[in-house]
Structures are given as C-alpha cells and as structure tokens.
Amino acid sequence: PHPLAIEEHSHADMAGRYQAGASGLPFSVLRGYVGSDLPKRNPNIRSITCPFTGEKLAATPAINPDVTVIHAQKADRKGNVLITGIIGIQKEAVLSAKAAIVTVEEIVEDLQAPKNACYLPHWVLAAVCEVPYGAHPSYAHGYYGRDNAFCKAWDPISRDRDAFLAWMKRHVLGTRDHAQFMESAGILR
Amino acid sequence: MNYEANEIMTIEAARRLKNGTVCFVGIGMPSAAANLARLTHAPEVVLIYESGTIGAKPDILPLSIGDGELAEHADTVVSIPEIFRYWLQGGRVDVGFLGAAQIDKFGNINTTVIGGDYAKPKVRLPGAGGAPEIASNAKEVWIIIKQTRRSFVPKLDFMTSVGHLDGGESRARSGARGAGPTAVITDLGVLAPDPVTRELTLVAIHPGITVEQAKASTGWDLKVAGTVVNTMPPTQDELETLRDLQSRTARAHGTVASE
C-alpha cells in the first residue's frame, strides 16, 4: 500500500481553511495554535502580524478541493439540495471545491426550505444522486441512526490488509450500486 | 452507597457547573460531567459542542461531536466555522471543558501522540480536535483526567493545547486569551494553579484518598496546598442520575442506534 501523507491541523483551523477556500481567499486567519507543537510539525501552519493591532495570529493556506462529495437529506427535481440537522462544514466544503457531488436520501417535489436553511442551489453542484442510506455507517438526521455494530465490525477488517482487500473486492468493487453493496455486506436497512 | 473513582471524578466536575454557564464540551468524560450537571443542579447550563450545537440537551451521551442526538433538542445549530469564530473566538464561552492523555505541571496537555517520535509514535491519539483553540479562547479551562504517573508527566511527549505554558506570566505574554486552566479534576482529587507560579497544586482529595497517594500518582514532585480539603462524597441523586445516564447510553450505542 502507498503510505498516506499526513498534515495535521486543528478542527477550528480546518473549518477556517475551507471557509477561505469558499471565499476565494488564499489563506485563513485564526487566533490559534498558541504554544502548541503543531506548527513545529506542519510547515503549512505559519503566522501573520495584524497590520492594525500588531497581534500575531496563525495563518494557514485555503483549501480548494478538486472534488467534494457530501451526503444530504433531500434534493428537488432541479437538483437544489437541503441540508438539515448538524450542517458542520458541508456548505464550505462544496463551495471551496472546483466540482461538487451530493448524494441524497430522497428527491422530492418541493424542499419547503426555510429562507435561512442550509440550501445549495443546483447551479453550484456538478451532480446530485439519489442514494438512500448513502451516509452508512454514519447517520442521516431524520432518516436513520449510526450503525455502531458495523463500525465495531469494521475495525478488525480495516486493520488486516488481506481482509480489507477481500472485503472491498467482494462488497464494493464486485457490486453494481450502493443498494447491492448493502445487500452483499449484509447491512440491514 | 459505594462508588467508583471515576464516578466521583465525574460528579465533582459536574458540581462546578452552574445555571447559565456557557460550557464548550469535549467528548468523553467532559461530556458525561456536563450532562450530569444539566440533569441535576444546573438544568440551565448552556452546553456547546464543536459540531455547532448550542444549548445541546442529549438524552444519551454522544460518541462524537457529530451525533444527531446533540442537535435533536439543541436551542440552535450553527455551522462549524461559526461555532469556532463567533462563539469561541468571539469570547462567549465561559468554560472550556477538556480531557487529555497527558498533562504537565503547568496544565499544558497532550492529545496528539505518546512517544517522543511524532512521525513514529508509540500511540497515535485522537489529535487536537478543537482543543488548541478552546484552550486559548475560553474564559477559563477545566481539565478532567485520571491521575497516574503516565498521565501526570514531567514533560509532555507533545504539546497539543496550551495551559499556563512555562508558568508565571508566560501564558498572558503568549497571546492566549482567557485564564487558562483553573481546575484539574482527577479520580484522586482536585488541583488548581498557584496564583503566582501557575504550578498545579493539590487543593482537595476525594474521601478515602490520601495526599501521599496523590503524590505517588504524579510524575513530578507534586505541590500540595497548606490545607487540603475533602470533596463531598456523591449523593444518591448524583450517583443514580449518572448511572442512569451511562446505562441509557450503553444501551443506545451497544446496538444499532436507529433513528
């Protein structure tokens, strides 16, 4: 297997980096990492001095993914998407990317989205796909809970190279779509 | 009623939270203590989780900040950029409530790696999460952590989040905001920073625990206050509420959590 390149940031910093990416800015500013060893290990955590107050703040590069894939509850026939519950960083992840794909639990006639809802117009999305249970093993708020049993069962599979390859070959590469994957992997709906 | 060491740790931590206190809650022991407070003496405590849930009132303890249970009865749910920028960095959080794998005598904490080599650690911990920014923006920080020679270390393997830095006024000079750690609650007692040196000092011990035991469970020469008080033993209500909460949580997470 190819070793992964790891670059460690804090949660607040990653949020800011996606926000900067979505804003078309080159970097994110954060009152963060004070005294922490993380900047010593990550050359992409630097600092900037506020031109007005002289305060030293953390500066990190914006994130602009080539592709973002998120899961949401609903889309309408035009491909407008509504996200409810914990909205996290979904909008920033989509708007910072060059292209974004959204899988949804269902396609409805009318989203009935409140004016200040977390709503993604179809014209910022490359594709919207109806994939019920697409968040599995995580949950989709209002549709189904997290499959903790699967998460526990996955741990030993992911720790063993051969088990992992066999599982992927049989249940993911060997199935036509998400529904068939779930059936093959014995995931209860 | 008899009780476990980690029960009185959670209960003693919960007792400190008051109605109206805005608490930024870390997952794990901080979350158990914060929700115990909400379910007993402080129903109006305001719990914030870094997933953006403000005024969260989970009926079961979340496994992660992203658990839907946190949003279900929250006052409101905002985006993650907003929770960190407006609510935390904006200075609206009274208490940042953190756990840690290692702590040093100035309340700095490590949640990143165990072992000296960052690239090849003995143990890879969950990582920073929100802690570095909670530690440097909340008005004060409480840390809840089991007290052993492996967690109370003379020197951290990795400094993830700042406490009182090198002691004295070094935190204030560093640009970190807030008072930093003002209480460290453990399974043996409670420590608080010396007002001048900022070195963690044992100020209370749980019933049945001795000062010698606390010193023996600390990886440096533990400073002890002139008078060390005893914390109150858990009441029946505190214990039953905590145990009910934990058994509800175990049942919900043990099986497939269906919505």
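In β5 of chain B, B:Gly96 sits across from B:Phe24. That pairing is a handy way into this predicted model, so let's start with the sheet around it. Strands β1(B) and β5(B) run parallel and are joined by 3 bridges. Now look to β10(B), where B:Val141 is the residue opposite B:Gly96. Here too the pairing is parallel, with 4 bridges between β5(B) and β10(B).

Which way do the residues of β5(B) point? The strand covers residues 95-98, with B:Val95 and B:Phe97 pointing one way and B:Gly96 and B:Leu98 pointing the other. Whichever way they point, they are all buried.

Go back to β1(B), residues 22-25, and you'll find that β2(B) is also paired with it, in the parallel sense and over 3 bridges. The bridge partner of B:Val22 is B:Val46 in β2(B). To get from β1(B) to β2(B), the chain passes through helix α2, residues 29-39 of chain B, making a right-handed β-α-β crossover.

Strand β2(B) spans residues 46-49, and its residues split by direction as well: B:Val46 and B:Ile48 go one way, B:Leu47 and B:Tyr49 the other, and all are buried. Follow the chain on and you meet β3(B), residues 53-54, which runs antiparallel to β2(B) and is joined to it by 2 bridges. In β3(B), B:Ile54 is the residue opposite B:Ile48. The hairpin of these two strands has 3 residues between them, and B:Gly52 in this hairpin has a positive phi near 110°.

What about the core? Nonpolar side chains tend to be buried together in soluble globular proteins. In this model the largest nonpolar core has 99 residues, and B:Cys23 and B:Ile143 have the most contacts inside it. Helix α2(B) gives this core its largest share, 6 residues. To see what surrounds B:Ile143, set aside its neighbours within four places in sequence; its contacts then are B:Leu98, B:Ala100, B:Ile103, B:Gly107, B:Ile109, B:Pro181 and B:Val184.

Next, see how the two chains meet. Chain B brings 37 residues to the contact and chain A brings 35. On the side of chain B that touches chain A, α3 (68-72), α4 (80-89) and α5 (131-137) of chain B each supply at least two residues. By class, that side of chain B has 15 nonpolar, 19 polar and 3 charged residues.

Over in chain A, helix α1 is worth a stop. Is it enclosed or open? With 12 of its 12 residues buried, α1(A) is largely enclosed by the rest of the structure. Among those buried residues are A:His11, A:Met14, A:Arg17 and A:Tyr18. They pack against β1 (27-30), β3 (56-61) and α3 (90-95) of chain A, together with α4 and α5 of chain B. You can check the helix length too: at 1.5 Å a residue, the 12 residues of α1(A), 11-22, should span 16 Å, and the end C-alpha atoms are 17 Å apart, which agrees. Just after this helix, A:Gly24 takes a positive phi of about 70°.

From A:Gly24, jump 139 residues along the chain to A:Ala163: the C-alpha atoms of these two are separated by 43 Å. A:Ala163 lies in helix α5 of chain A, residues 161-173. Is A:Ala163 buried or exposed? It has 12 other C-beta atoms within 10 Å, so A:Ala163 is exposed.

Most residues other than glycine have a negative phi, and most peptide bonds are trans. A:Gln112 has a positive phi near 45° without being a glycine. You'll find A:Gln112 in the loop between β6 (99-108) and β7 (118-120) of chain A, and it counts as exposed because it has 10 C-beta neighbours inside 10 Å. B:Leu165 isn't a glycine either, yet its phi is positive, at about 55°. This one is in the loop between β10 (140-144) and α6 (170-174) of chain B, but B:Leu165 counts as buried, with 21 C-beta neighbours inside 10 Å. A:Pro137 belongs to the loop between β8 (127-130) and α4 (148-159) of chain A.

Note on methods:
Residues are numbered from 1 along each chain as its sequence is written. Chains are lettered from A and ligands numbered from 1 in the order in which they are written. This is a predicted model: local features need pLDDT of at least 70, side-chain atom pairs count only at pLDDT 80 or more; totals for chains, interfaces and linings use all residues. A residue is buried if 20 or more other C-beta atoms lie within 10 Å of its own, exposed if 12 or fewer, and partly exposed in between; C-beta atoms are placed from the backbone. Two residues are in contact if their C-beta atoms, placed from the backbone, lie within 7 Å. Ala, Val, Leu, Ile, Met, Phe, Trp, Tyr, Cys and Pro count as nonpolar, Asp, Glu, Lys and Arg as charged, and the others, Gly among them, as polar. The expected span of a helix is 1.5 Å times one less than its number of residues. Two strands pair if DSSP finds at least two bridges between them. A crossover is right-handed if, with the strands pointing away from the viewer, the path from the first strand over the helix to the second runs clockwise. A nonpolar core is a set of buried Ala, Val, Leu, Ile, Met, Phe, Trp, Tyr and Cys residues joined through C-beta atoms within 7 Å.
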